[in-house]
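Please try each task before reading on.

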Amino acid sequence: MSTVVSYLPNASPTTVQSQFQSQVSDAEIRRIFDAQRATALRLRTSTAAERIAKIRKLRDALMARREELITAGYADFKKPPAEVELTELLPVVCEANDAMRHIKKWMKATKVWPSRMTFGLKAWVQYEPKGRSLIISPWNYPVNLTFCPLVSAIAAGNTAILKPSEMTPHLSALMVKIVKDIFTEDEVAIFEGDAAVSTTLLSLPFDHIFFTGSPAIGKVVMGAAAKHLTSCTLELGGKSPTIVDATADLKLAAQNILWGKFTNNGQTCIAPDHVFVHASVKDEFVRQCKTVLDTTYGADARAQQASPFLARIVNERHTARIKGLLDDATAKGAKVLTGGAVDSADCYIAPTLIENIPADARIMSEEIFGPLLPIVTFNQIGEVIDRINADPKPLALYIWSKDDAAIDKVLKQTSAGGTCINHTVVHFLHGNLPFGGVNNSGIGRAHGLYGFRDFSHERAVVRTQIMLAKMFFPPYNDKMRKIINILLKTV
């Protein structure tokens, strides 16, 4: 679940809307980074029990501050209590519990069978911590997207420095309290602040960086990491398409797609960005969607704005950005089917369905990251596949269909970070699946074993049992050449 990140290294002051009174100094950042070096070396021999104890403390601290999390989430952008629990607290608890159950197994060396050329050698893969890690997290799910990667970093035996977004100050301040209460700064540290803090952190030679945000900022992070040849996990975003074909369960599709779209008021990177609907069922699908909106959020504009189940856009700048996408589309001929209300002072944009959108409208090329849902009609599934393949590879792709052949065709002829069939967004919560993007939508994998591996170095180890290689020691002779010739034909 990534987002458009507000802080951009080397950004001008007008780009960043910091809400903090003080700024950590470069010297303080360097001091703590240096202090983590000795700890990182010590943690190479840390036990599963030690790592489990740290993760348990993090989980228990979050649970103890459950009500504070709800209060902070509402203060930052009127996040409904159930959404705080479902999308912020629950994923971290699941990640922590899964790691505690499996760390001992994950840490074990993996035996490897010899190949034909390595008979006589015993081999295994040994998992070792990468060392000092940096976790830069966004504002849309700040607790989830800070502490889930932290669980993986701890499980793998690393130290960590956390940089949450400045755009959700109440949740960030609470995370600072949690981290400082349960960790020493040489193990896990956290820094609030704006672009200058991010820039300083990215200049340091970390052993691994885990970044969640937009593709544009991901390129900046990757560029900074390249200066030190630092490995990266980049959880990015993109325009995740949804397909509803003529065989789909339209009522269930409408309920589920709108849930995935309008949770957190659309500020979710794996939210359905736009929906391709078969022409024969488009009108009925729209009717079902309107029914869902009326029964879930209210039957008119005033009721929807007063709904306790709709979060707000994080700030006025992002509200203006989303409004700009809507205004641009309608100015070019798009039709609003329902919604469209905007209250900039309240950072509110109504859940909006829109159709007849021209190809040159910005909403069809820019990640929406808000409560606007374009509906695009199609006749042949090949049209949709061609359009998906013409765009950068998305973080998620959703298929609503009962036609196995059509589902298989979409899966085989497209590429996406993850896919749900007759569902949306839940692959993020599946701890046994790798979560991540592909190319423009991300690099690397998160969650469970996959997160553990991304924060680990898989060290290849061989141990000699029979020294067969001595037959290839110089001086070289005809007998050796005959052996090589045999090997070339048999390996």
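Buried means under 20% relative accessible area, exposed over 50%, and partly exposed in between, with a 1.4 Å probe and protein chains only. The model is predicted, so local features need pLDDT of at least 70 and side-chain atom pairs count only at pLDDT 80 or more, while totals for chains, interfaces and linings use all residues. Residues are numbered from 1 along each chain as its sequence is written, and side-chain values use heavy atoms, with hydrogens and water left out.

**Exercise 1.** Determine which residues of α3 are buried and which are exposed on its other side.

Solution. Begin with the element itself: helices (H or I, at least four residues) and strands (E, at least two) are DSSP runs, numbered from the N terminus, and α3 covers residues 66–77. Next, sort by accessibility, which gives Leu 69, Ile 70, Ala 72, Gly 73, Asp 76 and Phe 77 as buried. Finally, the cover over the buried residues of α3 includes α2 (48–64), α4 (81–107) and α6 (169–182), where contact means heavy atoms within 4.5 Å.

**Exercise 2.** Describe how α3 packs against α6.

Solution. Two packed helices are described by the angle between their axes and the distance between the axes. Axes are lines fitted to C-alpha atoms, for helices over the stretch in contact, and angles run from 0 to 180 degrees between N-to-C directions. The axes of α3 and α6 come within 7 Å, crossing at roughly 150 degrees. This makes α3 roughly antiparallel to α6, since angles under 35 degrees count as roughly parallel, over 145 as roughly antiparallel, 65 to 115 as roughly perpendicular and the rest as oblique. On the α3 side, the contact residues include Leu 69, Ala 72 and Gly 73, and on the α6 side they include Pro 169 and Leu 171.

**Exercise 3.** Work out which orientation α4 takes relative to α5.

Solution. The axes of α4 and α5 (residues 144–155) come within 8 Å and cross at roughly 10 degrees. By this angle α4 is roughly parallel to α5. Among the residues making the contact are Pro 91, Val 92 and Ile 103 of α4, together with Phe 147 and Val 151 of α5.

Terms used. The expected span of a helix is 1.5 Å times one less than its number of residues.
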